[in-house]
Each structure stands twice: as C-alpha cells, then as structure tokens.
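Biologist: Hi, I'm new to this one. Could you walk me through it?

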Amino acid sequence: MDTLPGGVRLDARAVKVLAHPLRTRLLSALRLDGPATATTLARALGTNSGATSYHLRRLAEVGLVTDADGGTGRERRWRAAHESHGFTAGDVEDSPDARAAQAWLRAEYQRQYQAWAQAWLAHEDDYPLAWRDAAGSSDFALELTADQLAALLADLTAVVERYRTAPPPAADDEPRPVLVVLHGFPRVPGGEP
C-alpha cells in the first residue's frame, strides 16, 4: 500500500478485506474514538467480542489496525494504523472481486456520510451559535477535465492536511472532533434529486 497525506492508499487486497460491514465500523470507531479492546468495541457496536477480535485481526493482516500498547488476550488494545485511507478505480481495475468490494465500500461510505450529516442536523441546536455558524455544506458546479478534478481534490486534501497537522489550539479554545467529507465527481444526467 502506498502512503497518502495522513493515511494510506489501499491495494486490491486491503479493499477486499475492508469491504465488510463490521470491519468498516471497527476501523471508523478506532479512528474516531481512539484505541480500544475487542470487548469494548463489541459492546459499543452491539456485536460479540469473538467476532470483533476476528475482524480486527483481519484488518491487522492488511495493515489497517495495529496493537495500541502491547496488551495481550482480552487486554489487547487496538488502534487504527492510519488516520485515513483512499483508493482509486485504477487500484482495483484488474480484479473483479476487488472492484465489487470497492463499489460496496463507496456505497457504504456514502451511507455513513449521510448518517453523520443527519445526526448533525438533528442535534445542531444543542451546540453554541459559533459552532452552528461555522458548520456548513456547499456544492459547486464546475466545468473541469479529469486532470483538473484530480488536482482540485489534491489541493483540498492538502488544505485539510494543513489543519490536521496544525499545532494544538490555545488552552482557552474549545476544539471538538469535526468531520470533513469531500466529494468530487462528474454530474450524471438524471442524477438530480
């Protein structure tokens, strides 16, 4: 797997391993909430610790999770090995199974993004006005070539990376976990809501 800013680019094998409902949830939980044991993750995700442990080991086989602090057995703590991952259609072009896995992952991520956005909308009134004013969504219709689209997304990723690696805020600031989701794709005729 190649590295990306803050993450890793998945190869066909990793895409196939990750394309599983519990594995995607496990990786997300470790990235969003930090290191945890299989038992803690099972309780949080409503599954059993045996299945959770098995799927964590599968994720570890492809380098997506790793030991957090050397614990063993039930005390083994896991952490995400990278802050993010990415993949392209070209990464799986030669493997029909990996293409199907990638299609499933993309659809699953869209569902997850939608769920995060809906959760925010349902609870935004619980947040101070500054947070409600800062949060937002935008859409832009541009005329671009494929190379320009790739460059645009690379530029936006670089901006996100700059904030991800910024020094910690001042002690009197109140940082909160923030989700940033970038999409860039050709407009498909008939795809309007």
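Modeller: Happy to! Buried means under 20% relative accessible area, exposed over 50% and partly exposed in between, with a 1.4 Å probe and protein chains only. Strands (E, at least two residues) and helices (H or I, at least four) are DSSP runs numbered from the N terminus.

Biologist: Before we go on, what kind of model is this, and what should I keep in mind?

Modeller: This is a predicted model, where local features need pLDDT of at least 70, side-chain atom pairs count only at pLDDT 80 or more, and totals for chains, interfaces and linings use all residues. Residues are numbered from 1 along each chain as its sequence is written, and side-chain values use heavy atoms, leaving out hydrogens and water.

Biologist: Good. In what order do the strands of the open sheet come?

Modeller: The order is β3-β5-β4, with antiparallel pairing; two strands pair if DSSP finds at least two bridges between them. β3 (36-37) and β4 (65-67) stand at the edges with a single partner strand each, so one side of each is left without a neighbour in the sheet.

Biologist: How many bridges join β4 to β5?

Modeller: 3 bridges. T66 stands opposite R79, and V65 stands opposite A80. On the β3 side, 2 bridges pair that strand with β5, and T37 stands opposite R77.

Biologist: Switching to helices: at what angle do α2 and α4 pack?

Modeller: About 80°, with the axes of α2 (residues 21-33) and α4 (residues 49-61) 10 Å apart. Axes are lines fitted to C-alpha atoms, for helices over the stretch in contact, and angles run from 0 to 180 degrees between N-to-C directions. The two helices are therefore roughly perpendicular, a label for 65 to 115 degrees; under 35 is roughly parallel, over 145 roughly antiparallel and the rest oblique.

Biologist: And which rings form a cluster?

Modeller: F87, Y109, Y113 and W116, linked by ring pairs. Rings of Phe, Tyr and Trp (its six-membered ring) pair if their centres lie within 6.5 Å; planes under 30 degrees apart count as stacked, over 60 as edge-to-face and the rest as tilted.

Biologist: Is Y113 buried or partly exposed?

Modeller: Y113 is partly exposed, with a relative accessible area of 24%, whereas Y109 is buried at 12%. Y109 and Y113 are 4 residues apart in helix α5, about one helical turn.
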